[in-house]
Amino acid sequence: MSKVTDGPLNTSLLSVKAETKNLSFHYGSFNALKGINMPLYEKKVTALIGPSGCGKSTYLRCFNRMHDLYPGNRYDGEIRLYPDNTNLLHAHVDPIEVRMRISMVFQKPNPFPKSIYENVAYGLRVRGERKTSIVDEKVEQALRNAALWDEVKHRLKDLAFNLSGGQQQRLCIARALATEPEILLFDEPTSALDPIATASIEELIADLKGKLTILIVTHNMQQAARVSDYTAYMYLGELIEFDATDTIFIKPKNKATEDYITGRFG
Amino acid sequence: MDQTALQQTRDLIRRHKRWDLIFAAVGVVCLGIAALTFTALVIDMAIDGAPRLSPDFFTNFPSRRPAQAGILSAWIGTTLVMLVTAAAAIPVGVAAAVYLEEYAPKNLFTAIIEINITNLAGVPSIVYGLLALGLFVYAFGFGQSILSAGLTLALLILPVVIVATREAIRSIPSAIREAAYALGATKWGTTWDHVLPYSMAGILTGVIIGMARAIGETAPIITIGALTFIAFLPPAPIQTEFPFLSFEWLTAPFTVMPIQMFNWTSRPEAAFHQNAAAAGLVLLFMTLSMNALAIYIRFQLRKRIKW
């Protein structure tokens, strides 16, 4: 546990779940992230905002080593995960193990072309869970946590594709929650959804606050203000400002941040 | 828009639509030619051969007397050869395609392999026959058997299976793969749990197209020594005594439908030509059934997938 001593919301002891130390990233020769140092507080929602191309999704995808799937990418620096103080980016750390601990929800809902039940159960099957009773229980729990249980409990064997966009995204969230991750990453989860579906997802994230460490990338500033405890403003691969959401949106310390927030830029 | 501009726009649209019509007409004519040719062939064969189709035609062995000649050894031979072809081509073809798509690094070496796979599809089938003669019949010692024939045809249709599988795998959006990886699946886990099941429709289509081609291939089978007159069947795969399963049929002499037809057409008696036509109808029916099965399976599997 580390004590943070400036800004509101932190006279209490805040526990750091993860932090990036001088994190840099290259897509081939393009330097997408430049020495980012940022904490991720436990059981808090941290939002990443910034104009298109500032590196927020790139930053997010470092946490679950998604960049490993494509050739030509290079990480520099560290991401330390607590309490075991593992460097997630270390060459000897298995990306599969990282992904077993950290889940992700993507921008466009991407359920598998299987039944609703099988979608949520997949993460459990990957982790070797065979007992049907346990899988049933965890699937129900995850669907309840994703506020989807009542809508689908009578049709768990239906194809996931038959759900609406908002329901599919909640299914993807349930799928990510079923494995009880230490950190849940959201990559612009509502940008492909209509306003009503967006509101239901935001409500869901607000419900998860305090139970789970969440890092959410969003291009929607109002969403960041509504949903998060901490906000980070990024621009051109650098972290410009990181602080409690209230501070960022009411009295940002950096002029660049203020310009972005007020819409003078971006 | 004022009146003259409007009129000009209407004239322009009318001219463009004329081209629409012309192309549609040309398309229908081409389609008609193809359909008519096929129908004419089938009808011609049916007129010749349909009267000859009777239960004993299917259960008789070939004979010197046309009225007693049947296709029993031929259609059983074809079925058994197709079984071996499928059993060899499907695992090898699918595995090769999965490796090339999911595992192989993208470098010059794999690029050369990929180009050559498509080249293989253009190799004349008699060349495959010669290869099989040297490799399967003599070098491996399988002899002039169903096993050699099946393996030869498997080699023949391998490019078709590989290309169809690759296309099917490529059509799976990367978002689905990322979802699987993000849940902690390994590459093989993602391949086995997601990539293969979702590309099954495309894979099966490719397999059956390949088999439909293989069923009519005569040149390579003649080269490896299928006999033209066989009056006995290969030993049955299922026996009454332990171990109940026999593989003797793999090494038995055999014949296939196209060869039987060829044999009959080269005889002078007109009655044998009628037999050949009847056999042709049966072969056509076998091919069309396989295609229909492919379409049905693809339809069923595609219902679950929407992207």
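## Strand pairing in the sheet of chain A

Two strands are said to pair if DSSP finds at least two bridges between them. In this predicted model, Thr46(A) stands opposite Tyr230(A), a residue of strand 9 of chain A, and Ala47(A) stands opposite Thr231(A), which also belongs to strand 9 of chain A. These residues lie where strand 3 (residues 45-49) and strand 9 (residues 230-235) of chain A run parallel and are joined by 4 bridges. Strand 3 of chain A also pairs with strand 8 (residues 213-217) of chain A, again in the parallel sense and over 4 bridges, and there the bridge partner of Leu48(A) is Val217(A).

These pairings belong to an open sheet of 6 strands in chain A, whose order is 6-7-8-3-9-10 and whose pairing is mixed. Strand 6 (102-105) and strand 10 (238-244) of chain A are the edge strands, since each of them pairs on one side only. On average, and with direction ignored, neighbouring strands of this sheet are turned by 20° against each other.

## How strand 3 of chain A is enclosed

Is strand 3 of chain A enclosed by the rest of the structure or open to the outside? Strand 3 of chain A is largely enclosed by the rest of the structure, because 5 of its 5 residues are buried. From this strand, Val45(A), Ala47(A) and Ile49(A) point one way, while Thr46(A) and Leu48(A) point the other way, and all of them are buried.

## The nonpolar cores

The largest nonpolar core has 82 residues, and within this core the residues with the most contacts are Ala174(A) and Ile216(A). If residues up to four places away in sequence are not counted, Ala174(A) touches Val120(A), Ala142(A), Leu143(A), Asn145(A), Ala146(A) and Leu148(A). There is also a second, separate core of 63 residues, which includes Met82(B), Ala89(B), Trp249(B) and Ala276(B).

## Thr58 in helix 1 of chain A

Thr58(A) is found in helix 1 of chain A, which covers residues 56-63. A residue counts as buried if 20 or more other C-beta atoms lie within 10 Å of its own, and Thr58(A) is therefore buried, with 22 other C-beta atoms within 10 Å.

Which residues is Thr58(A) in contact with, once its neighbours within four places in sequence are left aside? They are Phe25(A), Ala32(A) and Leu33(A). Although Phe25(A) and Thr58(A) are 33 residues apart along the chain, their C-alpha atoms are separated by 8.1 Å.

## Where chain B touches chain A

The contact takes 16 residues from chain B and 20 residues from chain A. On the side of chain B that touches chain A, helix 7 (174-182) and helix 8 (187-214) of chain B each supply at least two residues. The largest share of this side, 6 residues, comes from helix 7 of chain B. Sorted by class, the side of chain B that touches chain A has 9 nonpolar, 4 polar and 3 charged residues.

## A covered helix in chain B

Helix 10 (residues 257-265) of chain B is mostly covered, with 7 of its 9 residues buried. The buried residues of this helix are Met257(B), Pro258(B), Ile259(B), Gln260(B), Met261(B), Asn263(B) and Trp264(B). Among the elements of chain B that cover these buried residues are helix 3 (72-103), helix 9 (219-224) and helix 11 (270-302).

Definitions and conventions: Residues numbered from 1 in each chain as written. Chains lettered and ligands numbered in written order. Predicted model: local features only at pLDDT ≥ 70, side-chain atom pairs only at ≥ 80, totals over all residues. Axes fitted to C-alpha atoms, helices over the stretch in contact; angles between N-to-C directions. Core = buried A, V, L, I, M, F, W, Y, C linked by C-beta atoms within 7 Å. Buried ≥ 20, exposed ≤ 12 C-beta atoms within 10 Å, placed from the backbone. Contact = placed C-beta atoms within 7 Å. Nonpolar A, V, L, I, M, F, W, Y, C, P; charged D, E, K, R; others polar.
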